[in-house]
Amino acid sequence: MMSPRSSHAGEPLRRRPSQRRSARRVERMLDACAELLDEGGYDALTTTRVAERAGVAIGSVYQFFPDKRALSQALARRNVESFAARVGRRFMIEDYTGWWDAVDAIIDEYVEMHRTVPGFRSLHFGDVFDLDLLDSVADNNTVIAGRLRALLLTEFGLADGEDLDRAILVAVEAGDAVLKLAFRHDPHGDPVIVAEAKQLVRGYLSRQLAAAESRRR
């Protein structure tokens with residue numbers, strides 16, 4: 001997993017759409033890609049099927065995406081950006097009594113996207129193809145870690161440093177593994193296991209942050 005300070009590199013699009021009509025066409029292609037991934041998996045995904053589902057010519061697909069890998073990469077990026085925006089909106093309108101409530105809010109938003117956003121679960125959990133293709137878990141976890149780190153620093157006055165970075169990285173990776181378990185046999189996410197993920201993250205961070213504070217004293 002990348003550091004929460006890092007940003008995603010690489011650009012799956014051959015070129016950025018310069019007109020609103022082209023941008024809408026690209027969005028339709030990504031919507032089609034998401035639907036097809038959830039329906040049949042990565043192996044069954046083709047640029048031809050994306051074009052048919054999106055109602056565009058195959059040449060329009062190749063104008064922006066060289067292959068289905070690039071389409072999936074662009075979809076993964078859109079999902080990550082959407083997650084960041086949704087978490088940001090929650091932080092703007094909700095008040096938290098402590099950082100632990102903010103952690104719960106981040107997990108709740110993450111779970112909701114897995115339940116409702118086409119393609120999100122397939123890309124993140126690797127149910128349909130090799131995760132090494134996109135490294136989407138790292139992307140998603142980086143967004144979560146970055147949001148949580150910023151919140152702990154700016155909203156709750158925790159001290160910056162390597163101890164905080166390491167604690168957040170471990171907490172996010174551990175929580176991610178338990179959330180994967182929650183969705184393994186339940187497409188909506190087993191609520192009992194989701195609750196366990198929250199407890200795990202909160203308990204671990206509480207111990208690590210208390211230990212870091214003791215060392216500073």
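**Before you click**

This is a predicted model, in which local features need pLDDT of at least 70 and side-chain atom pairs count only at pLDDT 80 or more, while totals for chains, interfaces and linings use all residues. Residues are numbered from 1 along each chain as its sequence is written, and side-chain values use heavy atoms, with hydrogens and water left out.

**Stop 1: the whole protein**

Colour by secondary structure. The protein has nine helices and zero strands; here helices (H or I, at least four residues) and strands (E, at least two) are DSSP runs, numbered from the N terminus. Of its 217 residues, 46% are buried, where buried means under 20% relative accessible area, exposed over 50% and partly exposed in between (1.4 Å probe, protein chains only). A contact means heavy atoms within 4.5 Å. Among the contacts with a separation of 6 or more, 70% join residues 24 or more positions apart.

**Stop 2: helices α1 and α2**

Select residues 20–40 for α1 and residues 47–54 for α2. At what angle do α1 and α2 pack? The angle is about 115°, and their axes are 8 Å apart. Axes are lines fitted to C-alpha atoms, for helices over the stretch in contact, and angles run from 0 to 180 degrees between N-to-C directions. Now show side chains: Arg28, Met29, Ala32, Cys33, Glu35, Leu36 and Glu39 of α1 meet Arg49, Val50, Arg53 and Ala54 of α2. By class, this contact of α1 with α2 holds six nonpolar, no polar and five charged residues. Ala, Val, Leu, Ile, Met, Phe, Trp, Tyr, Cys and Pro count as nonpolar, Asp, Glu, Lys and Arg as charged, and the others, Gly among them, as polar.

**Stop 3: the loop and its neighbours**

Next, click leucine 45, in the loop between α1 and α2. Is leucine 45 buried or exposed? Leucine 45 has a relative accessible area of 2%, so it is buried. Leaving aside residues up to four places away in sequence, leucine 45 touches Cys33, Leu36, Leu37, Val50, Lys68 and Ser72. Lysine 68 is 23 residues away from leucine 45 along the chain, yet their C-alpha atoms are separated by 7.0 Å.

**Stop 4: aromatic rings**

How many aromatic pairs does a search of the whole structure find? There are four. Rings of Phe, Tyr and Trp (its six-membered ring) pair if their centres lie within 6.5 Å; planes under 30 degrees apart count as stacked, over 60 as edge-to-face and the rest as tilted.

Select phenylalanine 91 and tyrosine 96: their ring centres are 5.7 Å apart with planes at 85°, so this pair is edge-to-face. Both phenylalanine 91 and tyrosine 96 are buried. Then try tryptophan 99 and tryptophan 100, whose centres are 5.7 Å apart with planes at 70°, so they are edge-to-face. Tryptophan 99 counts as buried at 9% relative accessibility, and tryptophan 100 as partly exposed at 34%. Also find Phe83, Tyr110 and Phe120, which form one aromatic cluster.

**Stop 5: helices α5 and α8**

Finally, select residues 99–116 for α5 and residues 162–184 for α8; their axes come within 12 Å and cross at roughly 35°.
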